[in-house]
Amino acid sequence: MQDILTHIADGVLTLTINRVDKKNSFTPAMYAAMAHGLEQAKADPAIRVTVIQGDVTVFSAGNDIGDFLQRKPSTQESPVFQFLRAIASHPKPIIAAVCGPAVGIGTTLLFHCDLVYAGDNAAFSMPFVNLGLCPEAASSLLVPQMMGYHRAAEALLLGEPFMAEAAMEVGLVNRIVPPTEVNGMAQARKLAAKPLASLVETKRLMKKGQMAQVLAQMAEEGDSFARLLQEPAAKEAFTAFLEKRKPDFSKVP
Ligand code: COA
């Protein structure tokens with residue numbers, strides 16, 4: 001079974017994150033498949049809208065932690081950065097349907113979607129600092145912008161999770177529905193029936209003001225993230241997760 005399922009119908013590409021036994025955590029191959037799907041959607045005039053979804057119990061637990069431990073120093077050409085650039089600059093509408101935990105990139109990718117629907121079981125978190133890391137996906141820019149600085153500090157410095165209601169209050173989520181009804185398809189079909197050139201131009205105009213800044217922030221975060229991945233704090237956090245214990249940062253800088 002593939003970890004990213006792709007399905008095209010009615011002008012809509014659906015990318016389903018499908019690694020439920022590992023809580024839909026992302027491996028490099030999964031980022032590459034997501035980036036490929038978005039590139040295909042960009043190039044194919046028959047695809048007008050993309051839906052990104054997980055399982056009814058979990059959207060994504062973020063990056064695979066074992067992969068973090070083994071990863072050689074990342075470059076801007078790593079699959080994760082290819083995916084992030086593809087989603088941030090994608091010209092057509094993207095809808096996300098989120099149920100259950102959305103951790104790390106499971107939350108930050110949502111800042112690059114146009115519409116976000118959440119189950120009432122959705123729980124968002126960006127625990128980068130708790131893992132000895134720093135934000136990615138331009139979240140250090142987009143989270144304070146959307147939530148205001150102090151709520152962003154709670155989410156990014158304390159790494160505190162927040163539920164669907166709070167996400168809707170700050171504008172990250174459009175609507176909350178029961179988990180079994182979280183399905184971007186109804187809205188995707190509505191968008192797919194609209195004139196594509198108008199959708200693309202409207203999205204371009206809404207995003208153009210800070211597209212260059214978003215991509216620059218993403219690149220700078222990427223360099224810092226790659227450096228921090230090699231530091232002792234991150235190694236302790238990942239090892240602790242895999243050993244199912246609390247991390248001990250008292251002896252690391
Ligand atoms: N990377 C690798 N494996 C992961 C994972 C991740 N990010 N998240 C979960 N898993 C694995 C667990 O190791 C476990 O594997 P096992 O059955 O072989 O022991 C399995 O998925 C189930 O996870 P578990 O923690 O038991 O599920 P849960 O329902 O109790 O909790 C989460 C779900 C998502 C809240 C929890 O798994 C979690 O916090 N994951 C880590 C999130 C994270 O820090 N991601 C990195 C962000 S940058």
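**Ligand site**

The space it takes is the largest pocket. I note that this is a predicted model.

Next I listed the neighbours. I find 14 residues around the ligand. Those that come nearest are Lys22, Ala61, Asn63, Ile65 and Lys244. I then sorted the shell by residue class. It holds 6 nonpolar, 5 charged and 3 polar residues.

I started with Ala61, where a polar backbone atom is 2.7 Å from a nitrogen atom of the ligand. At Lys244 the side chain takes part: one of its polar atoms lies 2.8 Å from a ligand oxygen. At Asp21 I again find a polar backbone atom, here 3.5 Å from an oxygen atom of the ligand.

How much of the ligand does the protein bury? I get 65% of the 870 Å² that the ligand exposes when taken alone.

**Cysteines**

I turned to the cysteines. How many disulfides are there? My count is 0. A disulfide would be a covalent bond joining the sulfur atoms of two cysteines. I checked Cys99 by itself. The cysteine sulfur nearest to Cys99 belongs to Cys113, and it is 14 Å away. The cut-off for a disulfide is 2.5 Å between the sulfurs, so Cys99 is in no disulfide.

Is Cys99 buried or exposed? Cys99 has a relative accessible area of 4%, so I log it as buried. I looked up Cys134 too. Its relative accessible area is 15%. Buried means under 20%, so Cys134 is also buried.

Conventions. Residues are numbered from 1 along each chain as its sequence is written. This is a predicted model: local features need pLDDT of at least 70, side-chain atom pairs count only at pLDDT 80 or more; totals for chains, interfaces and linings use all residues. Side-chain values use heavy atoms; hydrogens and water are left out. A residue is near a molecule or strand if one of its heavy atoms lies within 4 Å of it. A polar contact is a pair of N or O atoms within 3.5 Å; within protein, one must be able to donate a hydrogen and the other to accept it, and residues adjacent in sequence count only if both atoms are side-chain atoms. Accessible areas come from the Shrake-Rupley method with a 1.4 Å probe; for residues, only the protein chains shown count as cover. On a 1 Å grid over the protein atoms alone, a cavity is a set of points where a 1.4 Å probe fits but cannot get out, and a pocket is an open set with protein on both sides within 12 Å along at least five of seven lines; lining residues have an atom within 4 Å of a point. A molecule sits in a cavity or pocket if more than half of its atoms lie within 2 Å of its grid points. Ala, Val, Leu, Ile, Met, Phe, Trp, Tyr, Cys and Pro count as nonpolar, Asp, Glu, Lys and Arg as charged, and the others, Gly among them, as polar. Buried means under 20% relative accessible area, exposed over 50%, partly exposed in between (1.4 Å probe, protein chains only).
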